[in-house]
Amino acid sequence: MKPLLAVLLAVPLLLDPTAPPKVDANAGGTGNTRFVELEASTIKITGDGAGGGRGDGYRVPRPCWYEPSLDAEAMYRLHTEGAGPARRAGIDEGSFRAFIQQFEEKRGKPGRWWVPAYNKADPNGAACWGGLEQFIFMPPNTTPPSGITIEQLAQIARAALTVPEPTVKLNPDAKSFVNLPTYVWLENVGQPRRTVTASIPGVMSVTLVATLQDIKIDPGTTKDRAEVHEEGCGPSGKPYAKGAQFTCGVRYLRSAIDQPREKYTLTVTTVWPVQAAGNVVPFQFAPVQVGGSRDVPVGEIQSNVKP
């Protein structure tokens with residue numbers, strides 16, 4: 001048994017653990033792509049980084065786990081009082097009594113029931129969930145093997161974290177030329193700070209903070225055909241300004257006439273380092289990295305020298 005990482009308090013649970021699992025939280029991803037889709041879970045995911053942006057495909061390493069539920073008396077009442085338990089007893093009293101016995105045996109004992117949950121977005125989540133016991137009772141301040149930890153909660157928050165998808169801007173915009181500086185910057189980056197909190201109410205909570213730090217430029221070709229400048233880009237690039245030094249962008253050295261569609265595909269990736277607020281977890285995550293692309297036609301100006 002491992003010590004629980006937070007003092008367990010009473011957690012209201014409206015979920016009937018005998019019923020098929022239902023979706024309790026969704027977060028992460030964009031469009032139809034999701035990285036966190038919690039089933040049979042009390043975990044809440046909140047924050048401006050939990051949606052309205054794009055994730056980077058981070059996957060929670062473990063697809064299922066146990067979560068703390070009710071104490072012995074509360075769990076017994078949940079399964080013996082009300083219309084639902086009465087209906088089940090009326091259908092098959094013998095099976096119902098056998099089911100209730102596990103809760104009767106723990107009445108009056110200190111501790112808490114734990115129940116399984118899983119990440120439906122993981123293709124192995126449901127099978128992993130099916131391999132766990134439906135209920136497991138643990139003494140105070142202990143957690144079962146595969147019980148959720150503060151580290152795993154942080155991993156769930158990381159998978160849910162999204163950042164704005166930037167719009168890549170160029171100058172020249174329509175077409176560039178060999179040896180001409182092509183300035184690069186971003187628009188629609190929004191707030192340069194995004195947060196996600198994953199919490200089990202009354203038990204434990206983790207907030208991750210992603211801060212836009214810088215960008216990386218991929219010119220879409222090799223070094224002998226393009227010269228990249230990133231020394232002055234900062235977190236969102238640098239627009240063209242008359243007389244300004246060229247410190248963020250690409251200088252193409254060869255035309256794109258021999259490329260597919262006679263264009264290079266330039267990609268700009270935003271880099272968002274991630275930290276846990278309050279230093280509640282002793283580990284770090286890789287930055288969130290999300291990119292946007294632009295096609296860049298590059299021509300070559302011919303000149304004739306007359307004697």
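Accessible areas here follow the Shrake-Rupley method with a 1.4 Å probe, and for residues only the protein chains shown count as cover. The model is predicted: local features need pLDDT of at least 70, side-chain atom pairs count only at pLDDT 80 or more, and totals for chains, interfaces and linings use all residues. Residues are numbered from 1 along each chain as its sequence is written, and side-chain values use heavy atoms, with hydrogens and water left out.

**Figure 1. Overview of the protein chain.** The accessible surface comes to about 15,700 Å², and carbon and sulfur atoms hold 51% of that area. Of the 307 residues, 46% count as buried (buried is under 20% relative accessible area, exposed over 50%, partly exposed in between, with a 1.4 Å probe and protein chains only). The chain has five helices and 19 strands; helices (H or I, at least four residues) and strands (E, at least two) are DSSP runs numbered from the N terminus. Taking contacts (heavy atoms within 4.5 Å) between residues at least 6 apart in sequence, 72% join residues at least 24 apart.

**Figure 2. Helix α1 and its surroundings.** Buried residues in α1 are A72, A74, M75, Y76 and H79. The buried residues of this helix pack against α2 (83-91), α3, β6 and β7 (136-138). Just after the helix, G82 has a positive phi of about 100°.

**Figure 3. Salt bridge between R107 and E73.** A salt bridge is a side-chain nitrogen of Lys or Arg within 4 Å of a carboxyl oxygen of Asp or Glu, and the count by this rule is ten. The side chains of R107 and E73 form one of them, at 2.9 Å from N to O. Because R107 lies in the loop between α3 (93-104) and β6 (112-119) and E73 in helix α1 (residues 72-80), the pair ties together parts 34 residues apart in sequence. R107 is partly exposed at 39% relative accessibility, and E73 is partly exposed at 27%.

**Figure 4. Two further salt bridges.** E104 and R97 meet through their side chains at 2.8 Å, N to O. E104 is partly exposed at 29% relative accessibility, and R97 is partly exposed at 40%. D173 forms a salt bridge with R294, with the closest N and O atoms 2.9 Å apart. This pair links distant parts of the chain, as D173 is in the loop between β9 (167-171) and β10 (176-177) and R294 is in strand β18 (residues 285-296), 121 residues away. D173 is partly exposed at 46% relative accessibility, as is R294 at 21%.

**Figure 5. Strand β12 and its partners.** Seven of the eight residues of β12 (residues 193-200) are buried, so the rest of the structure largely encloses this strand. Strands pair if DSSP finds at least two bridges between them. Three bridges join β4 (residues 44-46) to β12 in antiparallel fashion, with K44 opposite S199. Eight bridges join β12 to β13 (residues 204-211), also antiparallel, and here S199 stands opposite S205. The hairpin of β12 and β13 has three residues between the strands, and G202 takes a positive phi near 80° in it.

**Figure 6. Open four-stranded sheet.** The strand order is β9-β11-β16-β15, with antiparallel pairing. β9 and β15 (226-229) are the edge strands, each pairing on one side only. Between β15 and β16 (residues 249-252) there are four bridges, and A226 stands opposite Y252.

**Figure 7. Backbone exceptions.** Most residues other than glycine have a negative phi, and most peptide bonds are trans. The peptide bond from N171 to P172 is cis, with omega near 5°; P172 is in the loop between β9 and β10. A40, in the loop between β3 (36-39) and β4, has a positive phi near 55° and is buried at 8% relative accessibility. E262, in the loop between β16 and β17 (264-276), has a positive phi of about 60° and is partly exposed at 48%.
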